[in-house]
Amino acid sequence: MSLVQLENNPWFLAGRELLASKTPAPQRKVRIAVLRAYTVESCLPFLRKMMGHCGIEAEFVLGGFNQIFQDVHAQFSFLDQGPWDAVLQLGMLAQESELLSGFLGEQALVDEEAKSIATRWVALGEAAAKRADAPVFLSNFIPAAPLNVAEVLQGGSPAGAVQAVSSLNRALLDALDGTGNVHVLDLMSMCLSHGMRTVFDDRMFHLYRSPFSLNGQLVFSRRVARALATRLLEPRKCIVLDCDNTLWGGIVGEDGLNGILLGDDHPGVHYRNFQKTLLTLRNQGFLLSINTKNNENDVFAVLESHPSQVLKKEHFSAVRANWEDKVLNIRSISEELSLGLNSFIFIDDSDFECEKMTQAHPEIMVMQVPDSPDRILELFGTLVGLDRVILTSEDQARNRQYTQNQERSRSAGSFERIEDFYASLNMFMDFQVDSTKDRARLAQMCGKTNQFNLTTLRHSQADIDRFLESPSHLVYSFSLTDRFGDNGIVGLAIAGIQDTRADLGTFLMSCRVIQRTAERNFLRLILRHLADRGIKTVTARRIATEKNGLTKDFYDTCGFERLPGSDDTSSEYRIRIADADLDLDAWIQIRRNKS
Amino acid sequence: MKLEELQDLMRSVFQNNSLAINENTTIDSVAEWDSLSHLNLVLELEQVTGSRFTTEQIQTFTSVQAILDHIKK
């Protein structure tokens with residue numbers, strides 16, 4: 001289901017309609033372990049359905065009622081019956097602490113208690129992640145009940161329930177190191193959006209230990225499905241936007257620069273808020289592009305000179321304002337940005353364009369702007385591809401890097417010899433071995449890199465941590481700086497060592513730094529490092545995917561011998577380091593950080 | 001509320017499209033009707049009828065007859 005519209009959207013359907021709704025064919029099947037302090041059985045039909053609408057067929061296996069500690073630490077536990085794709089850890093304030101449940105305790109005691117619960121809770125999560133060998137989604141805490149007592153003081157006093165829960169949730173974040181295999185499942189913001197009284201049902205809690213109202217079950221199921229999908233599905237990366245009746249109301253070619261609807265009153269304010277949201281998403285690492293049937297000058301006039309325009313020219317990584325077919329335009333954007341179409345979201349108001357895009361490229365998530373502009377923002381609540389579990393500083397820097405890449409491509413045109421262009425880039429490569437401080441980024445690259453990826457092995461954070469610690473594995477990575485900026489950690493290779501032989505499994509590089517010889521210099525640095533450790537021969541392989549055509553001849557051009565038995569889908573390689581060309585290109589300066 | 005309406009609702013909540021009920025049906029005679037699905041049955045009944053039941057009422061709704069009797073009133 002790649003076309004997203006407000007009508008009949010599963011994210012808006014209530015209980016029975018949701019249960020009766022049809023889900024698309026699942027892209028994958030998963031098993032989820034649920035550690036819980038309360039009854040969640042009544043939510044499971046909704047939860048499975050919402051997962052289905054995300055394209056995931058999910059089996060939920062429940063731990064004992066209010067037995068989280070036992071399930072994590074007892075000698076026998078259902079957690080041992082993996083494999084698991086994720087673990088939910090659902091705690092409840094009323095079971096954890098009376099002090100924090102809103103009885104206006106003393107502030108120092110409240111903070112102390114919050115800290116101790118948070119530490120215990122995160123330790124449980126880490127132990128669960130290890131035992132289940134899967135990422136854990138740890139719910140943060142919501143007030144124990146709607147605030148009936150001293151309501152005015154609960155938020156107004158430092159020790160009131162609102163502040164107590166905030167203090168606890170803050171302590172949870174502090175206790176997580178933010179890079180591990182434990183993520184926060186944010187139920188607090190769910191309660192803020194929907195209200196404790198509409199989410200909570202006191203009767204059901206006391207009768208069945210099920211805290212949620214019918215509405216609460218629905219919003220809880222949606223929140224959980226969305227959090228899980230974020231981790232279980234490939235993330236979207238680029239949002240491609242139409243202009244007329246999407247970024248602004250009206251048609252700039254007909255209504256003129258001053259005639260379009262964009263401002264601080266209805267209806268222009270909704271388009272302006274839509275743009276502000278897009279800018280926030282851009283700051284979280286999404287790329288924005290324009291794909292519109294318009295004269296380029298008209299569009300640029302709005303971007304540059306409309307007083308209420310939020311998104312400026314520099315916020316867009318690619319612009320196609322022309323009269324071409326939008327399908328052709330989006331393909332050319334995909335090439336320019338070196339991003340696969342399955343990481344694209346396309347937003348347009350026209351039935352025709354949305355249908356056409358969906359038919360041409362079902363892998364693109366297509367979102368149709370609703371007729372009524374005051375509902376545009378609602379659509380964001382339904383797009384699972386828009387979430388991030390962790391925002392890394394890499395995500396935030398990525399936007400700048402793509403903008404810089406555009407400049408790089410432009411300056412490439414003005415050199416006669418490509419070597420002069422490379423030299424002009426002033427590249428510095430930081431070559432690192434077993435760099436544990438970048439562990440989150442290393443795992444992220446395994447999960448996201450598609451194009452320059454020789455084997456596309458999706459190692460988890462736990463896998464990466466094992467390789468980093470293992471004496472029989474070497475984890476190589478590099479970051480690259482050039483005169484336009486710091487690209488961050490962009491390359492990763494993992495070598496297994498046995499006697500005098502090494503085997504390169506993972507070898508990948510971010511598409512940000514393709515086509516500037518970084519990859520072959522990285523490989524040569526690895527061979528040099530291996531030679532220093534007494535390695536004589538290195539084997540490697542390439543496994544073809546739909547996306548890694550770029551890597552087809554990589555090992556061949558680096559002097560590796562292709563072994564018999566190789567075919568189009570899988571090739572084995574070998575090289576004797578003594579025979580290898582280990583010269584580094586003069587235009588990249590190397591800084592080496594040996595561990 | 002009519003018997004057929006209650007049957008539709010039960011079919012949806014209990015996720016069993018061939019469920020057939022009559023006035024003598026009780027929580028013990030329907031496999032899918034247990035204390036946990038009872039919770040959702042009550043919440044859906046509240047939704048459909050626009051009323052809110054007390055905890056005591058929730059506990060007495062253990063037969064089709066009891067539910068219909070109450071909702072008729």
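A:Val136 stands opposite A:Val182, which belongs to strand E6 of chain A. This is a predicted model, so please take the pairings I list as features of that model.

E6 covers residues 182-185, and strand E5 is joined to E6 by four bridges, the two running parallel. E5 also pairs with strand E4, residues 86-90, again in the parallel sense, here over three bridges. On that side, A:Leu88 has A:Phe137 of E5 as its bridge partner.

Now the side chains of E5, residues 136-139. A:Val136 and A:Leu138 point one way, A:Phe137 and A:Ser139 point the other way, and all of these are buried. As background, side chains in a regular strand alternate between the two faces of the sheet.

Next, the cavities. How many are there of 30 Å³ or more? The count comes to two.

H19 of chain A gives the most, with three residues. By type, the lining of the largest cavity has eight nonpolar, nine polar and seven charged residues.

The second largest cavity holds about 120 Å³ of space. Of its 14 lining residues, those closest to the centre are A:Tyr38, A:Gly91, A:Met92, A:Leu93 and A:Ile142. What is the make-up of the lining of the second largest cavity, by nonpolar, polar and charged residues? Twelve are nonpolar, two are polar and none is charged.

Note on methods: Residues numbered from 1 in each chain as written. Chains lettered and ligands numbered in written order. Predicted model: local features only at pLDDT ≥ 70, side-chain atom pairs only at ≥ 80, totals over all residues. Heavy atoms only, no water. 1 Å grid on protein atoms, 1.4 Å probe; cavity = no way out; pocket = protein on both sides within 12 Å on 5 of 7 lines; lining within 4 Å. Points joined across faces, edges and corners; volume = space filled by probe spheres on them. Nonpolar A, V, L, I, M, F, W, Y, C, P; charged D, E, K, R; others polar. Buried < 20%, exposed > 50% of the residue type's maximum accessible area, 1.4 Å probe, protein only. Pairing = 2+ DSSP bridges.
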